[in-house]
Amino acid sequence: MRTDWIPCELITAGNRTLVKWVHPGTRPLFSEPFFHQTIDALVRANAVQKLTALDDLQAVAPVNTPKGFVFHVSRCGSTLVSRSLAGVPRHRVISEPAPLNQLLLAQNIDPLLRGPLLKGLIHSLCGTQAGAACFIKFTSWNLLFLEQLLKLFPTTPWVFVYREPADVLDSLIARPARWASDSQLLGRLHGGSGGGVDVDTMAAILERLFRAPLPHFDGRALAIGYAQLPNAVLDIARHFDLGSSAAEHAQMLRMGQFDAKQGGEVPFRARVRAPVSDAMALAIAQLNPLFDQWEASRKDSSRVGANA
């Protein structure tokens with residue numbers, strides 16, 4: 001099955017799981033910072049929708065295989081990366097797609113089928129446009145499924161974007177992520193029952209996210225620190241082997257000067273970090289060694305690349 005339809009949601013009907021699709025027509029796609037914003041715009045424009053059986057995803061033809069994956073710890077510049085990539089017209093950037101999150105978390109699916117379904121879903125998200133380079137920016141907690149996702153696409157290069165724990169933790173407490181409003185999901189990410197948007201819970205989740213990629217960091221992975229952005233977007237383009245032109249490089253760098261989470265071209269203004277509480281200071285001290293480990297890995301891989 002080839003498709004130009006976009007899978008936008010998994011829904012439950014009785015004991016069946018169905019996929020809701022929306023057809024974009026001639027509307028430009030994925031110019032918004034996040035997947036859900038594109039889908040909301042299509043629905044408001046009365047785009048045609050349909051439902052299919054979940055199993056149909058297994059029959060999706062792999063027309064456009066992802067050119068690169070973007071994983072991240074949250075609040076670390078990953079949206080700047082995705083928006084910069086999306087500034088090139090031939091790039092199709094899918095940022096934190098809801099149906100992928102739903103499929104990763106679904107508990108009523110045969111474990112043997114989850115892999116083929118995920119693969120079909122990602123191929124569907126990448127579409128069928130000739131010459132398009134597709135990228136998936138995953139939601140931060142998708143890192144906990146990193147091994148499974150990498151096995152499905154064993155040749156796809158990926159990047160891991162991270163930032164100093166003090167800044168990430170401060171941002172997550174001040175402006176909780178969308179996933180933090182789901183108490184059931186929060187409990188699963190926390191590794192226990194319950195948890196809330198507090199320093200201890202967020203720090204425990206961040207520790208899992210910082211640790212998750214470490215066993216899988218190999219030659220097809222690239223570590224990108226927040227401090228290296230926006231210029232590191234060009235390193236990402238080279239890592240993904242995009243063959244970008246000078247004009248495309250310039251456009252990606254140009255996009256990096258704007259607020260990535262705002263539509264259009266809104267100038268970026270850095271947020272001032274709040275005063276550090278005792279609980280925050282303790283959590284940061286426990287997370288900093290992981291940050292240092294990633295900094296060392298990034299610098300080592302950079303030296304290897306420079307000598308290659």
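Predicted model: local features only at pLDDT ≥ 70, side-chain atom pairs only at ≥ 80, totals over all residues.

User: OK, what's the strand order in the open sheet of five strands?

Analyst: The order is 5-6-4-7-8, and the pairing is parallel. Strand 5 and strand 8 (221–225) are the edge strands, each pairing on one side only. From one strand to the next, the twist averages 20°.

User: How many bridges join strand 5 to strand 6?

Analyst: Five bridges join them, and the two strands run parallel. In that pairing, His91 stands opposite Ala133 in strand 6.

User: Switching to helix 10, which residues are buried there?

Analyst: Glu248, Met252 and Met255 are the buried residues of helix 10, which covers residues 246–255. Looking down the axis of helix 10, those buried residues fall within an arc of 65°, so they line one face of the helix.

User: And what covers the buried residues of helix 10?

Analyst: The cover includes helix 2 (78–86), strand 5 (91–95) and helix 9 (233–239). On the face of helix 10 turned away from the buried side, you get the exposed residues Ala246 and Ala247.

User: Now a histidine: is His123 buried or exposed?

Analyst: His123 is buried, with a relative accessible area of 7%. His123 lies in helix 4 (residues 111–126). Leaving out residues up to four places away in sequence, His123 touches Val60, Ala61, Pro62, Asn64, Thr65, Pro66 and Phe153.

User: Why is the pair of Phe69 and Phe138 edge-to-face?

Analyst: Their ring centres are 5.0 Å apart and their planes are at 80°; planes over 60 degrees apart count as edge-to-face, so this pair does. The pair links distant parts of the chain, with Phe69 in strand 4 (residues 68–72) and Phe138 in the loop between strand 6 and helix 5 (146–152), 69 residues apart. Phe69 is buried at 0% relative accessibility, and Phe138 is buried with a relative accessible area of 0%.

User: What about Phe217 and Trp294?

Analyst: That pair is edge-to-face too, with centres 5.3 Å apart and planes at 90°. Phe217 is partly exposed, at a relative accessible area of 22%, whereas Trp294 is buried at 0%.

User: Last one: which charged end sits over the ring of Tyr226?

Analyst: That's Arg163, with its charged end 3.8 Å from the ring centre. Likewise, the charged end of Lys50 sits over the ring of Trp5, 4.5 Å from its centre.

Conventions. Residues numbered from 1 in each chain as written. Heavy atoms only, no water. Buried < 20%, exposed > 50% of the residue type's maximum accessible area, 1.4 Å probe, protein only. Helix = DSSP H or I, 4+ residues; strand = E, 2+ residues; numbered from the N terminus. Arc of directions from axis to C-beta. Contact = heavy atoms within 4.5 Å. Pairing = 2+ DSSP bridges. Axes fitted to C-alpha atoms, helices over the stretch in contact; angles between N-to-C directions. Phe/Tyr/Trp six-rings, centres within 6.5 Å; stacked < 30°, edge-to-face > 60°. Lys NZ or Arg CZ within 6 Å of the ring centre and 35° of its normal.
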